[in-house]
Amino acid sequence: MSYDHSFVMICPAAARAAVEQFGLALGYSGQEFTVPLSSSGAEPATHYGLHTWALTQTVALFMTDAAIPGISADQIAWLRTTLIMSSSTEMAGAAHFDAVCAAHRLSRVLADSAP
Amino acid sequence: MLIAPGRIGIGHNSRAAVAPAWTPASIGAQIWFDPSDLSQMWQERSASGSGVTTAAAVNSPVGTIFNKGSRGGVLYANADASRPILRFSSGVYGIEYDGTDDNLISDVASLYALRSVAGWTMCVAALKGSLETDRRYLNVATTSVTTARATLYKPTGAFTAALGRRNNADGSASQSFGALYVSTSHILTAVADFSAQTLTVRRNGVQLGQNASFLTAGSTPNDGGQMGLGCASNGTSPLDGVIYQAVLLERAIDAGETASLEAFMSARSGIAI
């Protein structure tokens with residue numbers, strides 16, 4: 001197994017809690033969308049994003065019409081219309097994440113300084 | 001020609017003296033994260049280190065890494081999507097951070113306490129992949145994760161820097177250097193000596209500079225507690241690059257120890273010094 005797909009997901013802030021509940025059902029932490037985003041880069045965040053390295057089958061699960069175990073067809077349809085998703089084997093990491101954000105006119109909300 | 005077993009060497013029953021290999025443990029490192037040791041990393045996330053079952057593998061996520069230093073303990077990613085990836089390239093292992101949300105942090109106050117120490121030393125072998133600022137190589141903050149206590153990082157501006165403070169009453173003191181170390185692997189060493197009030201920063205075995213009035217007198221002991229590797233102590237400010245090795249000691253090390261430590265980092269990372 002090789003985690004060779006750079007994978008970006010962006011979720012509207014208002015839908016974040018509901019989307020994270022689906023993540024919990026799939027065995028994820030329920031706190032995956034950790035990068036605050038907004039159109040200006042200033043607070044408040046209007047969206048939250050994540051970047052991860054993913055297996056081919058994981059990308060296929062989210063980005064095709066495949067059934068997702070434990071989630072109904074209606075819920076899957078809602079997820080796919082709610083989330084911005086992008087997979088790439090050409091771009092990686094911050095470059096991929098920032099490119100997806102830019103395509104949707106979003107910027108990271110950066111704290112003044114991290115502890 | 002066949003050689004009889006037990007007869008190789010300068011004489012039967014003779015044994016050459018072989019010194020043990022030098023490692024950061026040789027100088028008593030309290031913190032040592034070693035991505036080249038796959039037995040110390042796991043794909044699952046665990047704040048305590050318990051319950052992990054899937055060993056780390058190249059091109060797979062690192063959810064938990066054990067500290068090989070004397071303090072023990074673990075760092076873990078705070079979300080599944082935030083696990084960095086173990087890479088192997090040109091004979092060198094490294095943990096790759098995505099510069100977006102990847103992190104490895106300690107549970108609050110469980111790993112480390114910079115309290116009543118005479119100084120500290122941080123040394124990392126790393127690659128920084130972009131110009132993004134305020135990115136952390138190694139960081140210790142207060143237990144409440146509000147203030148950095150000791151940090152090697154890339155601050156705003158074209159510098160590599162070390163930052164730290166001895167007491168809560170101190171303002172932070174930092175030492176920055178005017179060079180961009182992007183897309184180039186490097187070994188960074190910062191040594192804070194509280195008695196001499198100096199903070200010295202080195203790159204690839206060469207001193208970059210020294211703050212000779214580092215840290216002032218204060219009344220409240222430093223209470224550093226939470227640690228971040230390749231990120232701030234709360235998991236933000238992730239490095240966009242690779243960590244090959246990271247070491248922290250609760251004292252200032254001398255010149256000889258520094259040379260040995262940097263030579264070790266060079267051997268494990270392939271970075272020339």
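Q: What makes a residue pair between chain B and chain A count as a polar contact, and how many are there?
A: In this predicted model, eight residue pairs are in polar contact between chain B and chain A, both residues at pLDDT 80 or more. They count because a pair of N or O atoms lies within 3.5 Å, one able to donate a hydrogen and the other to accept it.

Q: Which elements give two or more residues to the side of chain B that touches chain A?
A: Those are β5 (85–89) and β9 (135–142) of chain B. The largest share, four residues, comes from β9(B).

Q: How do the residues of that side of chain B divide into nonpolar, polar and charged?
A: You get eight nonpolar, 13 polar and eleven charged.

Q: What area do chain B and chain A bury between them?
A: About 1800 Å², with 46% of it on carbon and sulfur atoms. The contact takes 32 residues from chain B and 22 residues from chain A.

Q: Where in chain B is confidence lowest, and where is it highest?
A: Strand β12 (residues 173–177) of chain B is lowest, at a mean pLDDT of 66, and strand β2 (residues 41–42) of chain B is highest, at 98. Over residues 1–12 of chain B the pLDDT is below 50. Chain B averages 82.

Terms used:
Residues numbered from 1 in each chain as written. Chains lettered and ligands numbered in written order. Predicted model: local features only at pLDDT ≥ 70, side-chain atom pairs only at ≥ 80, totals over all residues. Heavy atoms only, no water. Contact = heavy atoms within 4.5 Å. Buried area = accessible area lost by both parts, 1.4 Å probe. Polar contact = N/O pair within 3.5 Å; in protein donor to acceptor, adjacent residues only side chain to side chain. Nonpolar A, V, L, I, M, F, W, Y, C, P; charged D, E, K, R; others polar. pLDDT = per-residue confidence, 0-100.
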